[in-house]
Amino acid sequence: MHHCHDAVGPFSRRRRTAMARVKARRQVTGLLLVCVALLTSLGLSAPAAAASPSALIDCPGYATQQFSPGLRLLPQPVSFHAEGPFGPCVTTSPDHVFADYEADGQALLSCSVSLPVTGVSGTVRWKDASGDPSGTSHFDGGISLTQRPTGQNVVVVLATITAGDFAGDQILYEIVLLNTDLLACLTTGITQVAGPANLTVLPL
């Protein structure tokens, strides 16, 4: 019995470990499929492009987004402005190590309704490793996906660079903007949110 217990114990542990790995893979796969389906339904490309090894530049950063008038429970015409610093970037170009991002647009927005936004335009101002200005990229006509469950703002902007550095390539801007004043949806409206972001330049 002692030898039998020693033989079964390790086998049982290996089986439990294998089952846990399978379950974890299924959960990750399911989450990715949900994300792909959501983006596809709104005419966006799959988020896998953001992790593409062919990315020309990939920059972490932090951004702020302002709304005028403030977001409330019911959709209304809102102008928005986003900006933030990014870098240091993962890049092979010494002239594109840091970036300042700016974008503007208008749409029907609210705290609780998920609405796609079109017509986003903006500028990326590049800096070299020393922090000196080194170039500019202008983008226009991109698509912005926004989700605002109780005021939380999840934004994915995919646009074509129309002029300047990397003209003809695509720019991908992703950010999760967390609102800490949910009661503002019922009163004055949410006028500003901020959070970590990522900026990627992809070959078209």
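## Disulfides in the predicted model

A disulfide joins Cys111 to Cys185, with an S to S distance of 2.2 Å. The structure is a predicted model, and the count of disulfides in it comes to two. The other link is formed by Cys59 and Cys89, whose sulfur atoms are 2.1 Å apart. Both distances can be set against the cut-off, since a disulfide is a pair of cysteine sulfur atoms within 2.5 Å.

| Pair | S to S distance | Torsion about the S-S bond |
|---|---|---|
| Cys59 and Cys89 | 2.1 Å | about 110° |
| Cys111 and Cys185 | 2.2 Å | -100° |

The link of Cys111 and Cys185 is left-handed, with -100° about its S-S bond. Cys111 lies in the loop between β4 (98–109) and β5 (116–127), while Cys185 lies in the loop between β8 (170–177) and β9 (190–202), so this pair ties together parts that are 74 residues apart in sequence. Cys111 and Cys185 are both buried.

For Cys59 and Cys89 the torsion about the S-S bond is about 110°, and the disulfide is therefore right-handed. This pair also links distant parts of the chain, 30 residues apart. Cys59 sits in strand β1 (residues 57–71), and Cys89 sits in the loop between β2 (76–86) and β3 (90–91). Cys59 and Cys89 are each buried.

With bonded cysteines counted along the chain, the disulfides of the protein chain follow the pattern 1-2, 3-4.

Technical notes: Residues numbered from 1 in each chain as written. Predicted model: local features only at pLDDT ≥ 70, side-chain atom pairs only at ≥ 80, totals over all residues. Heavy atoms only, no water. Helix = DSSP H or I, 4+ residues; strand = E, 2+ residues; numbered from the N terminus. Buried < 20%, exposed > 50% of the residue type's maximum accessible area, 1.4 Å probe, protein only.
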